[in-house]
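Please read the following points beside the sequence and the model.

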Amino acid sequence: MNSSKIIEENMTLEEKLAAIDAAMKVAQQQADEDAAKKGMVSAPLDPADLTMCEGCQ
């Protein structure tokens with residue numbers, strides 16, 4: 001991801017953070033779609049969940 005495409009010098013901190021958040025959401029949605037096509041998990045909310053059995057969770 002190229003930050004110069006989403007952040008401009010004249011933006012306030014809040015605008016920069018909002019732009020980063022929006023870009024991350026789009027990237028996460030794309031990763032979710034790509035992983036779903038492959039039958040995989042893209043990025044679990046808590047990676048530790050993958051190391052525990054269902055009974056331990």
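**Notes on the model**

1. The count of salt bridges comes to 1, where a salt bridge is a side-chain nitrogen of Lys or Arg within 4 Å of a carboxyl oxygen of Asp or Glu. This is a predicted model, in which local features need pLDDT of at least 70 and side-chain atom pairs count only at pLDDT 80 or more, while totals for chains, interfaces and linings use all residues. Residues are numbered from 1 along each chain as its sequence is written, and side-chain values use heavy atoms, with hydrogens and water left out.

2. The salt bridge joins the side chains of D21 and K25, with an N to O distance of 3.6 Å. Because D21 and K25 lie 4 residues apart in helix α1, about one helical turn separates them. An α-helix has 3.6 residues a turn, so residues three or four places apart point the same way. D21 is partly exposed, at a relative accessible area of 40%, whereas K25 is exposed, at 51%; here buried means under 20% relative accessible area, exposed over 50%, and partly exposed in between, with a 1.4 Å probe and protein chains only.

3. The protein has 1 helix and 0 strands, where helices (H or I, at least four residues) and strands (E, at least two) are DSSP runs numbered from the N terminus. Helix α1 covers residues 13-38, and its 26 residues should span 38 Å at 1.5 Å a residue, which agrees with the 37 Å between its end C-alpha atoms; the expected span is 1.5 Å times one less than the number of residues. Just after α1, G39 takes a positive phi of about 75 degrees.

4. How much of the protein counts as buried? Of its 57 residues, 7% do, and within α1 the residues A19, A23 and A35 are buried. The accessible surface of the protein comes to about 5000 Å², of which 56% belongs to carbon and sulfur atoms, with areas taken from the Shrake-Rupley method.

5. L13, L17, I20 and M24 make a nonpolar surface patch of about 390 Å². Such patches are made of residues with over 30% relative accessible area and no salt bridge, nonpolar side chains (Val, Leu, Ile, Met, Phe, Trp, Tyr) being joined within 5 Å and like charges within 9 Å. L13, found in helix α1, counts as exposed at 57% relative accessibility.

6. E8 counts as exposed at 51% relative accessibility, and its C-alpha atom is separated by 9.8 Å from that of A19, 11 residues apart along the chain.

7. K16, found in helix α1, is partly exposed with a relative accessible area of 26%. Leaving aside neighbours within four places in sequence, K16 is in contact (heavy atoms within 4.5 Å) with I7, E8, E9 and M11. K16 and S3 are 13 residues apart in sequence and 9.9 Å apart in space, C-alpha to C-alpha.

Notes:
Areas by Shrake-Rupley, 256 points an atom, 1.4 Å probe, with all protein chains shown as cover.
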